[in-house]
Amino acid sequence: MRLESIKRIAVLGAGTMGPGIAQRYAMSGRSVNLYDISEQALEKAKVMLRTNLDTFVEEELLTAEEADGVFARVSFTADLETALKDVQYVQETVAEKPAIKTSVFAQVDALLPPEAILVSNTSSLNPFTLIPEGRAANFAAAHWFAPPHIIPLVEVARDERTSEETMETVLALLRECGKTPVRMEKFVPGYIINRIQILLNTEVFYLLGNGVCTPEQLDLAVKASLMPRGMVLGLVQRYDFTGLDISANNIINASYVMPETSKHPAVLFDHVDKGELGVKTGKGFYDYSGRDPAEVCKKRDKLLFQVLKAVGPLIDETI
């Protein structure tokens, strides 16, 4: 299916990612059906969508009229058949459990026209093993990042059965939604960024667990070095500026040995065992006591907007 044929989109799952994803698709001017089996989740999604759009207006990224138009283009339903009626493109973002994904894919396949496109937000499971074979040519993975209404990246992966037209249409649609899609020629668990973050986790928990620095100082070090340099050089091009010979020698003569990966890092699980789960409980590595979680997230969003306004043009720049 080509981009110009996509007029109505269904987003399946109104949890953490659903409202923001629906918002971005609706910002492309298309109608969006947001589906969830839970009426309570749909009511929360309405509030979240309205709140997100209000922040866009405050940041002068949308006018009040434009925000109202986006909200009006999103409908909410707990009936799957209604959600899929007259749609040409489906974004799945339901719970990360094989049985649930398989069931949803089978139900969608029975209701969706064969030429329509189905994409999955699955992050760790391999969605290509869960879909009906007849849907494979028009299926891809489209992995968004939280908060999805702000973070530009969507990782788009295929397998050998995915048609080139499907890939091109998915990439083009995401660009129209203001996203930065990155094409992957094959699926690997975790895609690109989550795999890198898992490696970072090993060092984060090692440094904190061994008292090398505080969470605040670790974050300050990263924000004052890797993050700004990364906006210009990413992770790979920086080797060209360091010198590949120097990087090779650093590996040969390494005095640094990476710590073993722990399946149960105490510095993390001690917080979990205490019920300190982060913003949603008022405390994690940082203390948010006495603060409304919604307001904490709103401040995060506003700071992210500041960053993207300042450095967003650099994302597509190369040296």
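Good morning. Please keep in mind throughout that this is a predicted model.

I begin with glutamate 92. Glutamate 92 belongs to strand 4, which covers residues 89–92. Is this residue buried or exposed? Its relative accessible area is 0%, so glutamate 92 counts as buried. Beyond its neighbours within four places in sequence, glutamate 92 is in contact with several residues, including Leu12, Val104, Phe105 and Asn121.

Which residues does tyrosine 89 contact, once neighbours within four places in sequence are set aside? Among them are Ile6, Ile9, Tyr25, Ile117, Val119 and Leu173, and the list also includes Arg8.

I turn now to the aromatic rings. A pair of rings is described by the distance of the centres and the angle of the planes. The count for this model is eight aromatic pairs. Phenylalanine 56 sits in helix 2, residues 39–58, and phenylalanine 305 in helix 13, residues 293–311, so the pair ties together parts that are 249 residues apart in sequence. Both of these phenylalanines are buried. Elsewhere, ring pairs join Phe105, Phe128, Phe139, Phe187 and Tyr191 into a cluster.

Two arginines place a charged end over a ring. For arginine 50, the ring is that of phenylalanine 71, with the charged end 5.1 Å from the ring centre. For arginine 238, the ring is that of tyrosine 239, and the distance is 4.6 Å.

A brief word on cysteines. A disulfide is a covalent bond between the sulfur atoms of two cysteines. How many disulfides are counted here? The count is zero. Cysteine 213 has a relative accessibility of 25% and therefore counts as partly exposed, and cysteine 297, at 31%, is partly exposed as well.

Finally, I come to the loops. The peptide bond from alanine 146 to proline 147 is cis, with omega near -10°, and proline 147 is in the loop between strand 6 and strand 7. Glutamate 60, in the loop between helix 2 and helix 3, has a positive phi near 60° without being a glycine. With 73% relative accessibility, glutamate 60 counts as exposed. Aspartate 86 has a positive phi too, of about 65°. Aspartate 86 lies between helix 4 and strand 4, and its relative accessible area of 55% makes it exposed.

Lysine 283 is located in the loop between helix 12 and helix 13. At 34% relative accessibility, lysine 283 is partly exposed. Not counting residues up to four places away, lysine 283 touches Glu276, Leu277, Gly278 and Tyr288. Its C-alpha atom is separated by 8.7 Å from that of histidine 271, twelve residues away along the chain.

Thank you for your attention.

Key: Residues numbered from 1 in each chain as written. Predicted model: local features only at pLDDT ≥ 70, side-chain atom pairs only at ≥ 80, totals over all residues. Heavy atoms only, no water. Helix = DSSP H or I, 4+ residues; strand = E, 2+ residues; numbered from the N terminus. Buried < 20%, exposed > 50% of the residue type's maximum accessible area, 1.4 Å probe, protein only. Contact = heavy atoms within 4.5 Å. Phe/Tyr/Trp six-rings, centres within 6.5 Å; stacked < 30°, edge-to-face > 60°. Lys NZ or Arg CZ within 6 Å of the ring centre and 35° of its normal. Disulfide = S-S within 2.5 Å.
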